[in-house]
Amino acid sequence: MYIKKKRTKNKKAVQFHQSYIQQGEIKEVVDTLKSGWITTGPRTKRFEEDFRKYIGCKYAIGLNSCTAGLHLALAALNIGEGDEVITTPITFPATANVIIHQKATPVFVDVKMDTLNIDVSKIEEKITTRTKAIMPVHFAGHPCEMDRIMDMARRHKLSVIEDAAHAIESEYNGKKIGNIGDFTSFSFYATKNITTGEGGMLTTNNDELAEKARMLSLHGISKDAWKRYGKEGYQHWELFYPGFKYNMFDIQAAIGIHQIKKIEGFLKIRKKYVDMYNEAFENIPEIVPLKVKGNIKHAYHLYVIIIKTEELNADRDEIMSEIQNNGVGVGVHFRTLHLQPYFQNKSPIRPPLPKGGRGGFERGMFPVAEYASDRVISLPLYPKMSVLDVKYVIKVVKEVIEGFRK
Ligand SMILES: Cc1ncc(COP(=O)(O)O)c(C=O)c1O
């Protein structure tokens with residue numbers, strides 16, 4: 001049995017994540033603060049344009065989160081009461097929450113063990129006359145099988161909204177993510193590949209959908225404030241639809257403008273660390289890293305390992321705690337959504353939903369998601385960490401696993 005070692009004061013500590021903010025970002029934020037215009041304005045426009053060029057798409061709409069983008073996409077596609085949206089249970093709650101906000105029903109499909117992306121072979125059996133969209137999540141930055149998803153969507157006349165919170169740099173068959181489905185939503189949350197603190201971007205190549213989503217992102221009115229108070233004289237706004245308050249603002253964009261310049265450099269560093277982790281864990285049978293398939297570019301947002309806890313003396317949470325006790329920050333991406341109290345009809349804040357609705361899920365329904373949900377650990381992966389930090393993480397993880405061997 002593993003003997004817990006006391007953490008000493010001078011022991012190294014590697015946080016799970018640290019943002020990489022340099023002088024450029026700091027100066028731009030200060031300049032914005034001094035400029036007299038701090039909400040949505042010229043810097044948001046510039047960041048939208050820089051991001052649009054990077055993705056190579058027609059429209060990029062700056063928002064205050066990726067969640068907002070997913071919600072706007074559903075709203076712009078008129079997905080609402082009685083509709084069903086197919087997605088994965090191995091995701092952040094935001095993906096399913098926005099479907100519920102629209103009064104539609106999330107329909108989960110199990111994931112593949114090798115990438116933890118949605119198992120495309122199981123989607124078609126879930127399509128009904130109520131299905132309106134598929135919402136794939138490019139887990140950890142590995143693109144889903146978009147050819148098969150788009151083909152299925154075309155045949156069944158479904159929309160595709162991609163959750164690309166992890167996948168800014170990703171490509172599928174030579175095509176950048178952000179150009180494939182009807183809408184794609186990206187995240188600039190603090191731990192993401194590039195950050196604006198909080199923030200998101202919604203991309204599309206469809207003129208009509210872009211116009212609708214942009215309008216809905218700012219109350220559903222026709223002109224944003226920056227243009228209303230512009231040089232051409234006062235212009236009245238008109239309300240076309242009760243929209244949302246989801247706009248990105250210039251203090252966020254000031255950070256984004258500088259982060260986007262460094263995106264490929266950051267990726268290069270993360271890839272180097274992923275290679276170090278993979279090599280180090282190659283001969284540890286209890287550690288299974290996720291696979292990288294052919295014909296894709298991976299964004300390497302997360303380094304996720306599946307721990308074969310059935311072969312060890314401890315469960316995932318005990319292993320995680322021990323890694324943390326040795327100064328290494330870790331994460332869990334993700335505990336499966338269908339076993340969360342809301343979906344189990346065990347929410348303390350709302351009455352149970354009727355059976356067959358979105359409540360009443362049970363263990364056993366999505367075996368791969370459940371297996372992974374109990375075994376995944378995400379290790380630190382960010383450009384601000386050093387090679388020595390990576391080596392330290394490897395040493396700690398190896399020691400902890402060895403210590404829990406039967
Ligand atoms: C898969 C996934 N989707 C959506 C989100 C939501 O992103 P945001 O915080 O920008 O709304 C996250 C955030 O962690 C995520 O991991």
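Select His301 and show what surrounds it. Leaving aside neighbours within four places in sequence, His301 is in contact (heavy atoms within 4.5 Å) with Ala140, His166, Thr191, Lys192, Asn193, Arg270 and Leu381. This is a predicted model, in which local features need pLDDT of at least 70 and side-chain atom pairs count only at pLDDT 80 or more, while totals for chains, interfaces and linings use all residues. Residues are numbered from 1 along each chain as its sequence is written, and side-chain values use heavy atoms, with hydrogens and water left out.

Stay on His301. Its place is the loop between strand S11 (296-297) and strand S12 (303-307). Helices (H or I, at least four residues) and strands (E, at least two) are DSSP runs, numbered from the N terminus. His301 is buried, with a relative accessible area of 6%. Buried means under 20% relative accessible area, exposed over 50%, and partly exposed in between (1.4 Å probe, protein chains only). Now show the side chain of Asn193: the side chain of His301 makes a polar contact with it, at 2.8 Å. A polar contact is a pair of N or O atoms within 3.5 Å; within protein, one must be able to donate a hydrogen and the other to accept it, and residues adjacent in sequence count only if both atoms are side-chain atoms.

**The ligand**

Next, select the ligand. There are 16 residues around the ligand, and Thr67, Asp163, His166, Ser187 and Lys192 come nearest. A residue counts as near if one of its heavy atoms lies within 4 Å.

- Thr67: a polar side-chain atom is 2.4 Å from an oxygen atom of the ligand.
- Asp163: a polar side-chain atom is 2.7 Å from a nitrogen atom of the ligand.
- His166: an N or O atom in the side chain is 2.8 Å from an oxygen atom of the ligand.

Go to Ala140, one of the residues in contact with His301. Ala140 lies in the loop between strand S4 (131-135) and H5. Its phi is near 65°, a positive value in a residue other than glycine. Most residues other than glycine have a negative phi, and most peptide bonds are trans. Ala140 is buried, at 3% relative accessible area.

Now jump to His219. Its phi is also positive, about 70°, although His219 is not a glycine. Look for His219 in the loop between helix H6 (207-217) and helix H7 (225-228). His219 counts as partly exposed, at 36% relative accessibility.

**The H10 to H11 loop**

Select Phe334, in the loop between helix H10 (316-325) and helix H11 (367-373). A cis peptide bond joins His333 and Phe334, with omega about -5°.

Move to Thr336, in the loop between H10 and H11. Thr336 is buried, at 1% relative accessibility. Its side chain makes a polar contact with the side chain of His338, at 2.8 Å. Not counting residues up to four places away in sequence, Thr336 touches Pro89, Ile90, Ala369, Glu370 and Ser373.

**Domains and cores**

Colour the protein chain by domain: domain 1 (23-262) and domain 2 (263-403). These bounds come from an automatic or database domain assignment. The domain centres, taken over C-alpha atoms, are 25 Å apart. Across the boundary, 43 residues of domain 1 are in contact with 37 residues of domain 2.

Now select Phe51, Ile123, Met146 and Ile149. Of the 39 residues in the largest nonpolar core, these four touch the most other members. A nonpolar core is a set of buried Ala, Val, Leu, Ile, Met, Phe, Trp, Tyr and Cys residues joined through side-chain atoms within 4.5 Å. Helix H2 (42-55), helix H5 (146-156), strand S5 (159-164), helix H8 (250-259) and helix H9 (263-281) each supply at least two residues of this core. H5 gives the largest share, five residues. Both domain 1 and domain 2 give residues to this core, so it lies between them.

Zoom in on Ile123. Not counting residues up to four places away in sequence, Ile123 touches Ile86, Val109, Ile118, Ile134, Ile149 and Met152.

**The cysteines**

Finish with the cysteines. A disulfide is a pair of cysteine sulfur atoms within 2.5 Å. By this rule the count is zero disulfides. Cys66 is in no disulfide; the nearest cysteine sulfur, that of Cys144, is 13 Å away. Cys66 is buried, at 6% relative accessibility. Cys144 is buried too, with a relative accessible area of 1%.
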